[in-house]
Amino acid sequence: MTSKQTIFQDLPTDLDRYRLPKHVAVIMDGNGRWAKSRGLPRIMGHRRGVDTLKDLLRCCKDWGIPALTAYAFSTENWGRPLEEVDFLMTLFERVLRRELDEMIQENVQIKFVGDLSSLPSSLRTEIERSMALTQDNQGTRFTVATNYGGRQEIVQACQKIAHQVQQGLVQPDEIDEALFARHLYTAHVSDPDLLIRTSGEMRISNFLLWQLAYAEFYITQTLWPDFDRAEFHRALCAYQKRDRRFGKV
Ligand code: IPE
Ligand code: IPE
Ligand code: MG
């Protein structure tokens with residue numbers, strides 16, 4: 001462990017523990033560029049990115065942030081070269097198998113959101129196992145968006161509600177924001193307060209389109225594999241300086 005990590009083990013003193021975000025979402029971007037800048041294949045960036053995510057999850061626990069959601073694979077990412085997609089699917093599976101015991105020990109509750117039906121079946125097995133074995137855990141709520149697309153999520157919610165209307169279980173005018181949100185993949189967790197995107201892109205790339213309605217955005221040039229506790233600290237400082245008005249004055 002580096003000395004920097006030791007210093008930031010506890011909540012940094014310039015952060016107000018009562019005004020921390022309850023839910024942080026991250027678009028983990030820039031793995032490919034991180035690798036390329038070192039003359040390495042893109043997959044090395046993904047590998048390093050896993051370590052970054054692992055430390056961020058632990059940091060949320062250490063600093064008292066109850067929920068973390070990470071964008072791991074978008075519905076659009078299937079358009080990447082086959083070798084990269086295959087590598088990512090295998091990496092997700094290996095990491096899950098390797099980290100599950102520790103997540104159980106650390107009381108993490110892991111959930112996967114997205115269209116899981118089209119993931120490789122061996123990955124799906126690990127996903128189901130990890131969700132089942134951590135479902136009663138009361139620690140950090142860790143949500144991983146895999147084969148996730150915000151538009152796809154909204155369409156599937158509409159389909160579910162339409163079926164209920166067809167069966168006479170729901171009346172059309174009973175459909176309100178709360179009912180709709182219960183049919184999204186994220187019904188288990190509050191909306192993110194803070195969205196972090198690494199690598200400088202100013203877009204949300206189909207992530208949590210509904211849920212980010214009033215999130216604070218923090219975009220850093222830092223590439224995901226380099227996003228450490230000091231960077232997270234900066235993001236939280238920026239967040240605590242924001243005036244969240246929610247449309248009011
Ligand atoms: C994010 O890093 C990881 C995934 C999308 C899986 P990228 O792979 O998008 O890295 P860049 O943006 O090409 O540098
Ligand atoms: C967003 O990153 C998806 C994930 C981080 C999983 P991308 O690299 O796919 O997004 P774009 O292509 O730059 O919008
Ligand atoms: Mg990218």
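Predicted model: local features only at pLDDT ≥ 70, side-chain atom pairs only at ≥ 80, totals over all residues.
1. Shell of ligand 1. Start with the neighbours. Around ligand 1 there are 13 residues. Met28, Asp29, Arg33, Arg42 and Arg80 are the closest of them. Sorted by class, the shell holds five charged, five polar and three nonpolar residues.

2. Polar contacts of ligand 1. Arg33 places a polar side-chain atom 2.7 Å from an oxygen atom of ligand 1. For Arg42, the distance from a polar side-chain atom to a ligand 1 oxygen is 2.8 Å. The backbone takes part too: an N or O atom of Gly30 lies 3.4 Å from an oxygen of ligand 1. On its own, ligand 1 has 380 Å² of accessible area, and the protein covers 87% of that.

3. Where the ligand 1 shell comes from. Three helices each supply at least two shell residues: α2 (31-36), α3 (42-63) and α4 (82-105). Helix α2 gives the largest share, three residues. The space that ligand 1 takes is the largest pocket.

4. Polar contacts of ligand 2. A polar side-chain atom of Ser205 lies 2.6 Å from an oxygen atom of ligand 2. For Asp29 the corresponding distance to a ligand 2 oxygen is 3.2 Å. For Arg197 it is 3.4 Å, again to an oxygen of ligand 2. The protein covers 78% of the 390 Å² of accessible area that ligand 2 has on its own. The space taken by ligand 2 is the largest pocket.

5. Aromatic pairs. The model has ten aromatic pairs. Why is the pair of Phe180 and Trp210 called tilted? Their ring centres are 4.8 Å apart and their planes meet at 35 degrees, so the pair counts as tilted. Planes under 30 degrees apart would be stacked, and over 60 edge-to-face. This pair links distant parts of the chain, 30 residues apart. Phe180 sits in helix α7 (residues 177-182). Trp210 is in the loop between β5 (194-197) and β6 (216-219).

How values were computed. Residues numbered from 1 in each chain as written. Chains lettered and ligands numbered in written order. Heavy atoms only, no water. Near = heavy atom within 4 Å. Polar contact = N/O pair within 3.5 Å; in protein donor to acceptor, adjacent residues only side chain to side chain. Areas by Shrake-Rupley, 256 points an atom, 1.4 Å probe, with all protein chains shown as cover. 1 Å grid on protein atoms, 1.4 Å probe; cavity = no way out; pocket = protein on both sides within 12 Å on 5 of 7 lines; lining within 4 Å. Sits in = over half its atoms within 2 Å of the grid points. Helix = DSSP H or I, 4+ residues; strand = E, 2+ residues; numbered from the N terminus. Nonpolar A, V, L, I, M, F, W, Y, C, P; charged D, E, K, R; others polar. Phe/Tyr/Trp six-rings, centres within 6.5 Å; stacked < 30°, edge-to-face > 60°.
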